[in-house]
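I opened this model to look up its fold, its surface and its charged pairs. My notes follow in the order I took them.

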Amino acid sequence: MSKIFTYNDLLAEKERLRTLREEQKLLIKADVKELKEELRPLMALISVLGKITTRETRNDAIVSTGSALAIDMLSRRVLPNSSLVRMFVPGILKNVASHLLYSAKPLLQKLIGRKRKDNDVAVQNPQ
């Protein structure tokens with residue numbers, strides 16, 4: 001900072017500080033962008049861990065119940081009799097399955113919708 005004696009000195013200092021602020025804003029933006037890039041793998045890991053530890057609640061009750069029953073039946077047949085495995089693995093599988101079923105919902109709706117349309121056409125036009 002220089003000493004300010006005149007109004008022109010004040011304007012010059014104001015402009016210098018304004019450009020310095022803009023340069024520092026750009027530096028901060030670049031640093032934030034770099035941090036986001038460096039933390040991207042960690043954020044992906046947190047997302048996966050979140051899907052493993054929580055269930056998707058937006059699924060239909062029938063879909064959730066059906067997948068839970070199927071996983072229970074398969075886990076009884078396939079998993080070893082270890083109490084720790086029987087305690088944790090089915091829960092993790094149910095959580096992951098709920099997220100997979102929710103993400104596959106549009107595809108399943110298209111398939112079911114196509115079948116319904118085919119069945120409706122067959123019912124309307126029996127040959």
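These entries go from the overall fold to single residues.

**Ground rules.** I worked on a predicted model, where local features need pLDDT of at least 70, side-chain atom pairs count only at pLDDT 80 or more, and totals for chains, interfaces and linings use all residues. Residues are numbered from 1 along each chain as its sequence is written, and side-chain values use heavy atoms, with hydrogens and water left out.

**Fold.** I counted secondary structure and got four helices and zero strands. Helices here are DSSP runs of H or I with at least four residues, strands are runs of E with at least two, and numbering starts at the N terminus. Along the sequence the pattern reads α-α-α-α.

I checked how much of the chain is covered. Of the 127 residues, 11% are buried. Buried means under 20% relative accessible area, exposed means over 50%, and partly exposed lies in between (1.4 Å probe, protein chains only). I then looked at contacts with a separation of 6 or more, and 59% of them join residues 24 or more positions apart. A contact means heavy atoms within 4.5 Å.

**Surface.** The protein exposes about 11100 Å², and carbon and sulfur atoms supply 64% of that. The areas come from the Shrake-Rupley method with a 1.4 Å probe; for residues, only the protein chains shown count as cover. I found a nonpolar surface patch made of Leu35, Leu39, Leu42, Met43, Leu45, Ile46 and Leu49, with about 650 Å² of accessible area together. Patch residues have over 30% relative accessible area and no salt bridge; nonpolar side chains (Val, Leu, Ile, Met, Phe, Trp, Tyr) are joined within 5 Å, like charges within 9 Å.

**Helix crossing.** How do α1 and helix α3 cross? Their axes come within 6 Å and cross at roughly 110°. So α1 is roughly perpendicular to α3. That label covers 65 to 115 degrees; under 35 is roughly parallel, over 145 roughly antiparallel, and the rest oblique. Axes are lines fitted to C-alpha atoms, for helices over the stretch in contact, with angles from 0 to 180 degrees between N-to-C directions. Gly50, Lys51, Ile52 and Thr53 of α1 make the contact with Ile92, Asn95, Val96 and His99 of α3.

**Salt bridges.** Side chains of opposite charge can pair when their charged atoms come close. I counted six salt bridges, each a side-chain nitrogen of Lys or Arg within 4 Å of a carboxyl oxygen of Asp or Glu.

- Glu37 pairs with Arg40, closest N and O atoms 3.2 Å apart. Both lie in α1, three residues apart, about one turn of the helix. Glu37 is partly exposed at 45%, and Arg40 is exposed at 52%.
- Asp72 pairs with Lys94, closest N and O atoms 3.0 Å apart. Asp72 lies in helix α2 (residues 61-78) and Lys94 in α3, so the pair ties together parts 22 residues apart in sequence.
- Lys25 pairs with Glu22, closest N and O atoms 3.9 Å apart. Lys25 is partly exposed at 42%.

Is Lys94 buried or exposed? Lys94 counts as buried, because its relative accessibility is 17%. Beyond residues up to four places away in sequence, Lys94 touches Arg55, Ala68, Ile71 and Asp72. Leu100, also found in α3, is exposed at 54%. I noted 9.0 Å between the C-alpha atoms of Leu100 and Glu56, which are 44 residues apart along the chain.
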